[in-house]
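These are my notebook entries on one structure, set down in the order in which I looked things up. The sequence and the model come before the entries.

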Amino acid sequence: MRFVALAFSLTLCPKPLMRPTAIETEIGQIPLQNCLYNASGARCTTGEELDSLARAPTGAVLAKSATIAYRKGNPKPRYRDIPFGSINAMGLPNLGIDFYLDYAAAFSAEKPLFLSVAGLTTAENHTLLKRIQKAAGVGAVELNLSCPNIPGKPQTGYDVAQTEHLLQGVFAFYDKPLGVKLPPYFDRVHFDQMAAVLNRFPLAFVTCINSMGNGLHIDVERETASLKPKGGFGGIGGLYAKPTALANVNRFYKLLDGIPIVGCGGVQTGTDVFEHILCGASAVQVGTSLMKEGLACFTRLGEELQSLMREKGYVRVADFKGKLKSL
Ligand code: DHB
């Protein structure tokens with residue numbers, strides 16, 4: 001009888017929610033049933049979008065970067081699919097922190113909800129985090145040090161001293177899981193300098209990378225830029241960003257003293273996910289592919305990753321995480 005019950009549960013039953021999967025992972029202390037989830041900014045601003053992400057086969061739901069007040073964002077067109085990726089100059093359109101806190105308090109999916117915070121000043125970031133610290137239902141916060149689209153506001157992550165000052169202020173009061181999202185770096189010394197600062201703080205994770213800031217895409221027929229805001233300058237995502245993303249994941253994986261890395265940038269296939277993990281990512285976010293393909297990308301990417309893992313004889317993410325070999 002017991003055998004029959006077991007056979008039934010193994011063959012006919014839908015997967016119990018907590019059954020281990022080949023692509024489960026953890027970001028430090030945070031367990032995820034699936035190593036894939038959405039990048040902040042991609043289809044994650046409204047309640048409907050967040051509900052859809054909560055139902056998708058992902059390990060977490062990450063909300064759009066929030067400011068204290070609702071922001072309409074920049075004039076449209078402010079996002080474009082382009083041949084090998086995307087360009088955006090959204091300008092932080094979001095519903096304001098109250099909306100995301102209310103959403104978190106009511107969130108009941110079997111996966112964590114992460115909030116993203118992008119205050120335009122140090123004081124605004126502190127206010128946002130003080131509000132989140134008191135709130136229920138927030139699995140972790142991704143502090144955005146890398147929004148490239150606010151005229152007059154440089155990306156904090158390109159200023160090492162400013163980043164240190166901000167994190168000192170934050171960790172003076174914030175004691176819940178908090179990670180940072182970095183811009184891409186292109187110089188070995190900049191990796192070293194930023195890693196030295198990050199290692200001074202109890203970060204739950206570091207996400208590499210945000211979009212490559214201030215690219216320009218041209219609409220040749222109209223002889224204009226493809227985007228309206230900022231003279232057409234916008235953050236570049238997708239395949240254009242993949243080699244830079246992998247370099248940032250791998251460099252920070254080596255330089256950070258055990259702070260988990262979340263990879264982001266250029267994930268179009270399960271092989272891309274595998275490469276991020278091989279470079280050291282504990283989990284992998286999907287931005288441009290989610291914009292282009294919709295939620296179906298997660299089923300496809302998960303299947304492609306698992307089929308590559310089977311081919312290579314890997315049973316779990318930990319079998320190849322960070323195991324990039326030297327030639
Ligand atoms: C926006 C873009 C980003 O790359 C980011 O990290 C945060 C916000 C935006 O323009 O809305």
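How many nonpolar, polar and charged residues does the shell around the ligand have? I was working from a predicted model, and by class I found five nonpolar, six polar and one charged residues in that shell.

**Entry: the ligand and its surroundings**

I next looked up the names behind those classes, and the residues around the ligand are Lys64, Asn88, Met90, Gly91, Leu92, Pro93, Asn144, Cys147, Pro148, Asn149, Asn210 and Ser211. I also looked up where the ligand sits, and I noted that this is the largest cavity.

As for surface, the ligand taken alone exposes 290 Å², and the protein buries 94% of that.

**Entry: aromatic pairs**

I searched the whole structure for aromatic pairs and recorded 15. One of them joins Phe114 and Phe205, whose rings are stacked, with 6.4 Å from centre to centre and 25° between the planes. Since I wanted to know which elements this pair brings together, I looked up both: Phe114 lies in strand E7 (residues 113–117) and Phe205 in strand E10 (residues 205–208), so the pair ties together parts that are 91 residues apart in sequence.

**Entry: backbone geometry**

The peptide bond from Lys76 to Pro77 is cis, with omega near 0°, and I placed Pro77 in the loop between strand E4 (61–66) and strand E5 (79–82). The peptide bond from Cys208 to Ile209 is also cis, with omega near 10°, and Ile209 is found in the loop between E10 and strand E11 (212–216). Within strand E11 I came to Asn214, a residue other than glycine whose phi is positive, near 60°.

Terms used
Residues numbered from 1 in each chain as written. Predicted model: local features only at pLDDT ≥ 70, side-chain atom pairs only at ≥ 80, totals over all residues. Heavy atoms only, no water. Near = heavy atom within 4 Å. Areas by Shrake-Rupley, 256 points an atom, 1.4 Å probe, with all protein chains shown as cover. 1 Å grid on protein atoms, 1.4 Å probe; cavity = no way out; pocket = protein on both sides within 12 Å on 5 of 7 lines; lining within 4 Å. Sits in = over half its atoms within 2 Å of the grid points. Nonpolar A, V, L, I, M, F, W, Y, C, P; charged D, E, K, R; others polar. Phe/Tyr/Trp six-rings, centres within 6.5 Å; stacked < 30°, edge-to-face > 60°. Helix = DSSP H or I, 4+ residues; strand = E, 2+ residues; numbered from the N terminus.
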